[in-house]
Amino acid sequence: MTKKPSRDHFMLKEQYKVESEVFDRETLKSLAKLIKKGIISSVDFPISTGKEANVFRATSQNGEHVVIKIYKIETTPFFRREEYLEGDPRFEKIKNNSKDVIIAFARKEYKNLQICESAGVHAPKPFYVEKNVLVMSLIGDKDLPYPTMNTQGPRNADDLEILLQDIKKMYKAGLVHADLSEYNIILGEILYLIDFGQGVVTKHPNAEKFLERDVRNILNYFAKFGYKKDFDETIKWIRLK
Ligand SMILES: Nc1ncnc2c1ncn2[C@@H]1O[C@H](COP(=O)(O)OP(=O)(O)OP(=O)(O)O)[C@@H](O)[C@H]1O
Ligand SMILES: [Mg+2]
């Protein structure tokens with residue numbers, strides 16, 4: 001008589017499915033490398049599962065909690081390459097196949113975070129990048145991430161000032177975020193910018209257009225809560241040396 005598969009059997013199968021979908025072979029190899037190199041010691045739990053990336057809390061070897069962002073090898077649409085990688089002298093030689101493009105996005109986010117760190121922009125500290133996996137500091141209390149601004153709304157006019165100052169600092173350092181919205185801002189004791197994969201250098205042919213879009217998004221969002229600033233004046237102030 002054949003044994004009926006138990007509930008546990010199905011659960012294990014489901015778990016395996018989830019794990020193998022989240023961690024494809026390439027990602028598993030990168031995680032193994034990060035562990036071997038002593039960058040992380042464990043992957044703890046998912047913080048966010050999105051279309052283009054999954055974000056997890058992890059623990060470093062010295063017990064500190066960090067964040068790993070895993071760019072999905074399979075699903076990121078191709079068109080993103082043209083708009084955000086081409087025209088960026090740092091990434092002009094990337095081959096047009098999806099794996100290399102994804103790896104370039106992870107490396108790009110890492111480099112953009114390095115620029116933020118040296119420019120004093122409030123953003124996660126980049127620790128390491130291994131293929132499609134980026135390791136960075138956790139913006140949160142010791143254990144859990146702080147919420148993003150879309151879930152709470154802005155708190156006061158100072159939030160807007162600090163944000164605009166960060167946009168200006170970035171621009172001065174030669175960087176435009178290019179995907180700025182309330183979804184990519186974390187509300188800590190201060191505001192933090194995240195999600196820099198699409199960030200472009202100011203030499204990029206569309207950099208000015210992206211800057212204007214970023215600023216418009218932010219000003220429109222804050223205006224809904226009664227914090228208003230003139231767009232033309234703000235842009236002029238950001239571009240002022
Ligand atoms: N360093 C960090 N510290 C705390 N939370 C983070 C950090 N980085 C990302 N997160 C959380 O993970 C979420 C997704 O991260 P991010 O915005 O970088 O990915 P994404 O590119 O938007 O992913 P997708 O577009 O696939 O949804 C964020 O909204 C935020 O809640
Ligand atoms: Mg995001």
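**Notebook: helices, strands and the ligand shell**

I began just after helix 4, where glycine 120 takes a positive phi of about 75°. Helices (H or I, at least four residues) and strands (E, at least two) are DSSP runs, numbered from the N terminus. This is a predicted model, in which local features need pLDDT of at least 70, side-chain atom pairs count only at pLDDT 80 or more, and totals for chains, interfaces and linings use all residues. Residues are numbered from 1 along each chain as its sequence is written, and chains are lettered from A and ligands numbered from 1 in the order in which they are written.

**Overview.** I found 7 helices and 9 strands in the protein. I looked up burial next: a residue is buried if 20 or more other C-beta atoms lie within 10 Å of its own, exposed if 12 or fewer, and partly exposed in between, with C-beta atoms placed from the backbone. Of the 241 residues in the protein, 34% are buried.

**Helices 4 and 5.** I compared spans with the expected value, which is 1.5 Å times one less than the number of residues. Helix 4 has 22 residues and reaches 31 Å from its first C-alpha to its last, close to the expected 32 Å.

Which residues of helix 5 are buried? I noted Leu160, Leu163, Asp166, Ile167, Met170 and Tyr171. Seen down the axis of helix 5, these buried residues fall within an arc of 135°, so they line one face of the helix. The arc is that of the directions from the helix axis to the C-beta atoms. The buried residues pack against helix 4 (98–119), strand 6 (175–176), strand 8 (191–193), helix 6 (207–224) and helix 7 (231–239). Contact here needs C-beta atoms, placed from the backbone, within 7 Å. Just after helix 5, glycine 174 takes a positive phi of about 90°.

**Strands.** I then followed the pairing; two strands pair if DSSP finds at least two bridges between them. Strand 2 and strand 3 are antiparallel over 7 bridges, and 5 residues lie between them in a hairpin. In the turn of that hairpin, glycine 63 has a positive phi of about 90°. Threonine 59 has histidine 65 in strand 3 as its bridge partner. Strand 3 also pairs with strand 5, antiparallel over 5 bridges, and isoleucine 68 has valine 135 in strand 5 as its bridge partner.

Strand 4 (residues 126–130) is joined to strand 5 by 4 bridges and runs antiparallel to it. Their hairpin has 2 residues between the strands, and lysine 131 in the turn has a positive phi of about 50°.

**Ligand 1 and proline 145.** How many residues surround ligand 1? I recorded 20, the closest being Ser48, Gly50, Pro124, Pro145 and Asp195. A residue is near the ligand if its C-beta atom, placed from the backbone, lies within 6 Å of it. Strand 1 (42–49), strand 2 (53–59) and strand 3 (65–71) are the elements that give two or more residues to this shell.

Proline 145 is found in the loop between strand 5 (133–137) and helix 5 (157–172). I checked why proline 145 counts as partly exposed: 18 other C-beta atoms lie within 10 Å. Not counting residues up to four places away in sequence, proline 145 touches Ile47, Leu138, Ile139 and Gly140.

Notes:
Two residues are in contact if their C-beta atoms, placed from the backbone, lie within 7 Å.
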